[in-house]
Amino acid sequence: MNYRSTRNNAVSVQSAKAIAQGLSSEGGLFVPESIPKLTKEDILALCDKSYPERAFDIFKLFLTDFTDDEIRHCVNGAYLKNFDSENVSEISHLLTGTYILELWHGPTCAFKDMALQILPYLLTCSAKKVIDGKKIAILVATSGDTGKAALEGFKDVEGTSITVFYPEDGVSDMQKRQMTTQEGSNVNVCAIKGNFDDCQNGVKAIFTNEELKKILDDMNITFSSANSINWGRLSPQIVYYVSAYASLIKDGEIEYGDKINVVVPTGNFGNILAAYYAKQMGIPINKLICASNANNVLTDFINTGVYDRNREFYTTVSPSMDILISSNLERLLYHLTDGDDKTISEWFGKLSKEGKYSVTPEVLGKIKADFYAGCCNDTETKAAIKEVFEEYSYLMDTHTAVAYKVYKDYKAETGDDTKTIVASTANPYKFGKAVYEALGQNPEGMDEFTIIEKLEAYTGTKMPAPLAATKDKKVRFSGSVGKLDMSDVVLNFLTK
Ligand SMILES: *Cc1c(COP(=O)(O)O)cnc(C)c1O
C-alpha cells in the first residue's frame, strides 16, 4: 500500500517515508491510495482481542512496509502501559443507545495521547528505514493539548528531541502547568509573546529556514513535525473507532451490521476524518456528526460548500477547537473528488491566498451524504455540561459538551434514533474553571487547584492522577521570548 500526495498524484511513497517526511514537498498531505476493507469475519475476530491487538490488526493493513515485529513493538510500547485503563479507551453509557467514547485515559488526559503515545514509535521506526542514522528534532506549535501530549510521547525517546512553543496567554492554567513541569532530558518548552498563529508561523519559518537546515545537516539532525497532518498521527485514530464498534458488539449493545452515528467535537478535522476512514473500511457508520464551537467555519462549509476563513476568531471555553483552518479537510476532499490533485491544489491555493474556496455541487452532495454539521456557543456548551451532570451524573469537559449539544440538535431536527457514539476528547479537570462555572458555581479569585478541590467536592468525582501530580512538580521552563527569537531558542537547545 502506497501513499499519494493530495496535490500531486505522481508522488507515491511507502508509509515509512510518508511518516518520516510528514508533509509532501509541494505542500500536499499523504493519503492512502486505496482504503483497506474489513470483512464481517475480520470485525467479529476483533471482539475478543485487546486494544493493542486490535491496533496491530489495523496497522498491518496500512503500514505494509513495516514487519509484524515492528508493528508489535509500536503498539505494545504505546498501549500496554501509560493508560489508566486496560482498554485504553472506555465506553460510558449515558442513556439507552447513547455512548460516550472516552479517549482521554492517557498520560495527559486528552485524546491527543491516543496518537501521540504511538507516534514516537512509528516515527523512529520509519526514520530507521528511510533516513537511518539521523537524529530527529520535533517542533510543535500548540494551543495546549498537542504540546503536552507530544512532550509526554517523545520524552527520553532515543534519537529524538522535542521543542514546544505555546502562546504565553493562550492556554489554560492546567495546560501551562502540565507543560512547564515536563520531565525528560530531551525536552524544551518555550512561551511566546504572541498568539497561537505567531507560534505556528514561527515554526513554519524554522522548517523552511535554509541556513538553519544547513547547520542541522552538519550535525546530522533533521526536523520533523508531530501535528495532525502527519499520517502517523491520523492512522492511530482510526483504530479506536473500529475498536469501539467491536466493543459494542462484544458488550451485546449492537449486532454486527447495525449502524451507528459518530459525533466528534472538531477543530483540525483529524478526529472525524479518522471516523470517516473507519466507515470506508467497512464499519457501518450512518452519519458523521461534525460539532463546532463559535468558530463554526466547518458548519458553514458542510451546509453550503463554501469554506471561508475570513471571519471573526473567537476565544471560547473549548480552546482546542478554536481554529479557522481545518487542515485535514484536504484529505477528505481528495477522496471525494476521486483523487483530483489539480482541483485540490487549486482550492487550497485559493484558501492560502484568498482565505476562501467553494466545492462543486457534486462534491457537496457527497459530503452531505456522510456528514451532518452543527455548532454551539459557550452558553449552550455550559448548559449542556450542567444538564448532563444533573440528569445522568456524568461530568463532561467543554469539548465533549459541544458534541453532546450538537447531537441533541441533530436528533431533534431529524428524529434519527440510530445508536450513537459521542467522542469525548478531554477529561473535565483539564478545563476545571469553565466546568465549575458551568455547574452554576463561582470560581472568581480562586487558583486552579482550589477550583479543582471544589469541583471534586461538588461533583463527587476525582481529578485524574497525572493532573494531580503536576501540583508538586518543579517548574522547569519559565519566562517567554518574542516571536522573532524562536529559531535561536531551537538552535541553542540543539547545540547545547
Ligand atoms: C485537538 C482537540 C480537538 C479537535 O480535534 P481535531 O482532530 O483537531 O478535529 C477536540 N477536543 C480536544 C480536547 C482536543 O484536544
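Strand S8 (residues 187–193) and strand S16 run parallel and are joined by 3 bridges. Strands here are DSSP runs of E with at least two residues, helices are runs of H or I with at least four residues, and both are numbered from the N terminus. This is a predicted model, in which local features need pLDDT of at least 70, side-chain atom pairs count only at pLDDT 80 or more, and totals for chains, interfaces and linings use all residues. Residues are numbered from 1 along each chain as its sequence is written, and side-chain values use heavy atoms, with hydrogens and water left out.

**The sheet**
- Lys193 stands opposite Gly482 in S16.
- An open sheet of 5 strands has the order S9-S6-S7-S8-S16, with parallel pairing; two strands pair if DSSP finds at least two bridges between them.
- Strand S9 (221–225) and strand S16 (480–482) are at the edges with a single partner strand each, so one side of each has no neighbour in the sheet.

**Helix H6**
- Helix H6 (residues 119–130) has 12 residues and should span 16 Å, which agrees with the 16 Å between its end C-alpha atoms; the expected span is 1.5 Å times one less than the number of residues.
- Among the buried residues of H6 are Leu119, Leu122, Leu123 and Ala127; buried means under 20% relative accessible area, exposed over 50%, and partly exposed in between (1.4 Å probe, protein chains only).

**Cysteines**
- The whole structure has 0 disulfides, a disulfide being a pair of cysteine sulfur atoms within 2.5 Å.
- Cys290 has its nearest cysteine sulfur, that of Cys375, 9.9 Å away.
- Cys290 is buried, because its relative accessibility is 0%.
- The closest cysteine sulfur to that of Cys375 is in Cys376, 7.3 Å away, which is too far for a bond.
- Cys375 has a relative accessible area of 27%, so Cys375 is partly exposed.
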